[in-house]
Amino acid sequence: MNPMMRELGARRSVIRELFEYGSRRKREIGAENVFDFSLGNPSVPAPDTVRTELIRLLTETPAVELHGYTTAAGDMGVRQAIADYLNRTYGVGVDAKYMYLTVGAAASLTISLTAILNPGDEVVLLAPYFPEYRVFVECTGARVVPVLSNPSDFQPDFAALEAAISPSVRAVIVNSPNNPTGAVLTEESIRRLATLLQTKQEQYGLPIYLISDEPYRELVYGDVEVPYITKYYANTLVCYSFSKSLSLPGERIGYVLLSPRAEEADVLYEAICGAGRALGFVCAPSLFQKMIPACLGLTSDLSVYRTNRALLLEALTGMGFRVVPPDGAFYLFVASPEPDAVAFSERARELELLLVPSDDFGCPGFVRISYCVSTEQIERSIPVFRRLAELYGLTAK
Ligand code: PLP
């Protein structure tokens with residue numbers, strides 16, 4: 001048996017543990033008395049077009065054709081439709097021949113990392129980061145190098161980043177809008193990052209890949225824009241997923257896309273196909289591949305998240321909690337009023353408020369609140385947050 005795999009399976013994530021505790025408590029004391037903010041599971045339904053297109057496909061396409069294998073990288077017509085949409089929307093020159101359809105962003109990431117990395121390589125993660133990155137990187141035999149972002153705005157700390165990029169670094173993962181902070185990388189940050197990586201790869205004479213994990217690309221508030229990273233840096237791999245934009249996390253559909261400007265893009269794409277093959281990620285679910293062209297550019301109703309964000313942000317800052325207002329995703333990253341965020345999360349749990357401590361995100365001292373819940377849950381939780389603030393003697397503004 002592989003002890004590393006056993007350990008991964010036996011040690012549940014803090015998020016899952018909290019979610020399972022919440023499910024148990026809901027059975028014990030009633031769902032209305034538990035305020036579960038643990039999981040990033042979209043709380044609004046998929047747009048109607050998803051259902052109507054699935055019904056159309058199921059009624060109009062011969063079953064053998066509909067449910068059969070596509071090519072390993074996915075149906076070329078579907079990939080072309082996605083590439084055309086991206087080129088129209090973001091003015092980029094991406095090419096369907098460098099796209100590989102996958103079972104969600106998680107698979108896009110493991111394929112990308114497996115394609116690029118060799119044992120002993122290093123991958124820079126901007127902290128706080130999605131905890132699964134560590135698992136995905138370490139399973140390739142590579143090492144994680146965490147670099148804490150600026151806590152005032154969660155943009156990269158460029159001095160720390162520069163110091164962290166040794167000749168062993170083969171990739172940097174960015175995630176914008178970010179889980180868990182909701183921060184969106186500004187165009188200036190992306191330009192500085194691109195310049196830094198360009199300088200470093202020239203200095204070391206080896207490519208450094210920028211992996212852009214973007215399942216929250218469309219979930220932004222106000223007039224915030226999420227720049228398309230392939231425009232700024234050639235050695236880029238985009239890991240996208242329809243899990244959050246279309247509220248389809250259980251259907252497992254997304255893609256990896258190489259920039260056509262990446263060095264030796266054809267060879268790198270062969271490595272992507274090889275990694276997909278080695279990991280068994282060939283032919284993403286055919287029905288959901290074929291649904292995509294009709295749904296490009298659509299999102300679930302994001303107004304619920306907008307309302308929840310505004311309600312919680314105003315209430316929590318009003319009570320004296322410290323939060324950097326998030327520009328995207330559906331998370332609030334709240335500074336713990338005591339140094340130990342695990343202890344804070346436990347105190348919140350005694351009030352039936354389920355908040356994820358940030359230690360596994362590589363940035364201790366915070367809790368993450370997933371506000372992809374009903375607005376009614378947000379409203380009912382506010383007096384409970386107030387009681388928590390009072391326990392810590394926070395001062396209302
Ligand atoms: N990356 C980030 C930052 C996420 O938050 C998630 C899921 O929550 C994923 C990747 C995995 O997404 P998927 O469901 O598409 O595999």
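Here are some questions and answers about the ligand site and a few backbone details of this predicted model.

User: What should I know about the numbering and the cut-offs?
Analyst: Residues count from 1 along each chain as its sequence is written, and side-chain values use heavy atoms, leaving out hydrogens and water. As this is a predicted model, local features need pLDDT of at least 70, while totals for chains, interfaces and linings use all residues, and side-chain atom pairs count only at pLDDT 80 or more.

User: Which residues come nearest to the ligand?
Analyst: A residue is near if one of its heavy atoms lies within 4 Å of the molecule. There are 14 residues around the ligand, and the nearest are Ala105, Asp213, Tyr216, Ser241 and Arg252.

User: Which helix gives the largest share of the shell around the ligand?
Analyst: Helices here are DSSP runs (H or I, at least four residues), numbered from the N terminus, and strands are E runs of at least two. The shell has six nonpolar, five polar and three charged residues. Its largest share is three residues, and they come from helix H6 (residues 104-116).

User: How much of the ligand does the protein bury?
Analyst: Start with the oxygen atoms of the ligand: a polar side-chain atom of Tyr216 lies 2.7 Å from one, and a polar side-chain atom of Ser243 lies 2.9 Å from an oxygen too. A backbone N or O atom of Ala106 also lies 2.9 Å from a ligand oxygen. Taken alone, the ligand exposes 400 Å² (Shrake-Rupley method, 1.4 Å probe), and the share of that buried by the protein is 91%.

User: What is the length of the polar contact between the side chains of Arg25 and Glu352?
Analyst: Arg25 lies in helix H2 (residues 14-29). Leaving out residues up to four places away in sequence, Arg25 touches Gly30, Val34 and Glu352, where contact means heavy atoms within 4.5 Å. A polar contact is a pair of N or O atoms within 3.5 Å, with one able to donate a hydrogen and the other to accept it within protein. For the side chains of Arg25 and Glu352, the value is 2.6 Å.

User: What is omega for the cis bond between Asn179 and Pro180?
Analyst: Pro180 lies in the loop between S5 and H9. Pro177 is also placed between strand S5 (169-175) and helix H9 (187-204), and a cis peptide bond joins Ser176 to Pro177, with omega about -10°. For the cis bond joining Asn179 and Pro180, omega is about 25°.

How values were computed: Nonpolar A, V, L, I, M, F, W, Y, C, P; charged D, E, K, R; others polar.
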